[in-house]
Amino acid sequence: MEYQKNKVTSVDVAKLAGVSQTTVSRAFNKPDSVNNDTLEKIRNAARQLNYTPSILAQSLVLHQTNLIGVIVNGLENPFYASFVSQISRKLHAIGKKILLFSSFDERSIYEVLQEANSFHVSGLIIASATLSEQLTEKNIPTRIPVVMINRQTSSKNYCSVASDDIESSRFAADFFISRNFHSFAFISGPDSMTSSVQRQQGFLNRLAEWGYYHIPVAKGDYTYPSGYRAMQELLLAQPTLPMAILCANDLMALGAMDAIKDHSSYRIPEDFALIGYDDIIESNWKSYQLSSIRLPIDQMINTAFEYLNSYFTSPGTLSGKHLFPCTFVERKTT
């Protein structure tokens with residue numbers, strides 16, 4: 001409590017600098033509006049008093065901040081952890097800071113949206129494929145730029161940046177065919193995840209074009225344990241070997257690989273060939289060496305930032321859906 005009593009405020013800085021509290025506020029919020037001599041006095045006073053302006057207090061005055069809200073669904077996934085790290089570094093480089101929120105279902109996303117709105121964030125980046133279209137249109141604020149990461153929406157109110165999951169999964173099917181596979185399977189993520197649905201759709205439809213139907217689909221939830229369980233199910237079903245498997249993400253593919261090692265004498269890639277999605281760091285570990293489809297994360301983030309930066313000067317620029325091609329990284333599982 002003693003700390004709170006002695007906490008330095010902008011009023012204290014104003015007294016020491018011999019200016020008004022309003023001038024101090026302008027010096028930190030709009031320094032171009034204060035002459036250089038006065039600005040230097042205020043900065044010297046702030047240094048002497050060890051004063052740091054409150055971001056939240058500034059937001060109440062300006063109704064916006066240098067904070068960019070980032071909503072992530074599934075921080076336990078290394079892909080999203082890496083994504084947040086890259087976003088944070090890029091924000092820091094342009095003088096902005098990240099305000100991170102984590103969500104797990106549509107109800108919590110709704111609550112997080114309200115919370116982010118209350119902080120007067122200057123922009124919002126949402127990496128949650130489970131956000132419904134109805135919730136998007138009704139509840140996401142329109143006073144600030146909003147970017148959907150890896151979720152496709154054609155709404156002109158937002159910017160949507162995503163990987164071309166259908167085309168990349170069609171490529172995976174063609175790749176397996178080129179390696180003379182005739183037996184296939186797909187390990188999916190949740191049905192609520194657009195990315196998983198499209199990866200499954202592209203893979204199965206392309207195989208059908210090659211004349212392969214009734215491809216087994218083992219359900220997962222984008223986690224390592226679910227990939228392990230899904231592979232156990234495929235093993236119990238006594239699959240026709242050799243079998244080529246596309247997994248909706250790398251974590252499930254790693255789980256599937258370990259299930260093969262733990263519960264069979266089958267070899268990878270001679271008996272089971274696997275391709276994952278995301279190209280997370282763990283995929284390149286010596287014990288896995290998983291072939292993976294790498295998402296165009298740099299292009300997605302760059303477009304997101306172009307949209308954020310242009311929103312207030314050129315409204316509508318880069319709004320709508322942006323699809324980027326993926327890259328195949330071949331390792332020892334194919």
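Helices (H or I, at least four residues) and strands (E, at least two) are taken here as DSSP runs, numbered from the N terminus, and on this basis the protein has 13 helices and 12 strands. The model is a predicted one, in which local features need pLDDT of at least 70 and side-chain atom pairs count only at pLDDT 80 or more, while totals for chains, interfaces and linings use all residues. Residues are numbered from 1 along each chain as its sequence is written, and side-chain values use heavy atoms, with hydrogens and water left out. Of the 334 residues in the protein, 50% are buried, where buried means under 20% relative accessible area, exposed over 50% and partly exposed in between (1.4 Å probe, protein chains only). Among contacts (heavy atoms within 4.5 Å) with a separation of 6 or more, 70% are accounted for by residues 24 or more positions apart.

Another open sheet of six strands has the order 7-6-8-9-10-12, and its pairing is mixed. Strand 7 and strand 12 stand at the edges with a single partner strand each, so one side of each is left without a neighbour in the sheet. The twist from one strand to the next averages 20°. Strand 9 and strand 10 (residues 291–294) run parallel and are joined by three bridges, with Gly 276 standing opposite Ser 292 in strand 10. The pairing of strand 10 with strand 12 (residues 327–329), by contrast, is antiparallel and also extends over three bridges; here Ile 293 has Phe 328 of strand 12 as its bridge partner.

Several helices lie against this second group of strands. Helix 9 (residues 165–178) lies across strand 6, strand 8, strand 9, strand 10 and strand 12, running at about 165° to strand 9, whereas helix 10 lies across strand 6, strand 7, strand 8 and strand 9 and runs at about 170° to strand 6. Helix 11 (residues 224–236) has 13 residues and reaches 19 Å from its first C-alpha to its last, close to the 18 Å expected at 1.5 Å a residue, the expected span being 1.5 Å times one less than the number of residues. Its buried residues are Ser 226, Gly 227, Tyr 228, Ala 230, Met 231, Leu 234 and Leu 235, and these pack against strand 6 (184–188), strand 7 (217–219), strand 8 (243–247), helix 12 (250–263) and strand 9 (272–277). Helix 11 is followed by Gln 238, whose phi is positive, near 50°.

Aromatic rings of Phe, Tyr and Trp (its six-membered ring) were paired if their centres lie within 6.5 Å, with planes under 30 degrees apart counted as stacked, over 60 as edge-to-face and the rest as tilted. By this rule the count comes to 12 aromatic pairs. The rings of Phe 184 and Tyr 212 have centres 5.0 Å apart and planes at 70°, so this pair is edge-to-face. Because Phe 184 lies in strand 6 and Tyr 212 in the loop between helix 10 (194–209) and strand 7, the pair ties together parts that are 28 residues apart in sequence. Phe 184 counts as buried at 2% relative accessibility, while Tyr 212, with a relative accessible area of 21%, is partly exposed. The pair formed by Tyr 307 and Tyr 311 is likewise edge-to-face, because the ring centres are 5.9 Å apart and the planes stand at 70°; Tyr 307 and Tyr 311 are both buried. Ring pairs also link Phe 171, Phe 175, Phe 176, Phe 181, Phe 186, Phe 203 and Phe 328 into a cluster.

A charge is taken to sit over a ring if NZ of Lys or CZ of Arg is within 6 Å of the ring centre and within 35 degrees of the ring normal. The charged end of Lys 90 is placed in this way over the ring of Phe 305, 5.6 Å from its centre, and Arg 199 lies over the face of Tyr 277, at 4.0 Å from the ring centre.

Definitions and conventions. Pairing = 2+ DSSP bridges. Axes fitted to C-alpha atoms, helices over the stretch in contact; angles between N-to-C directions.
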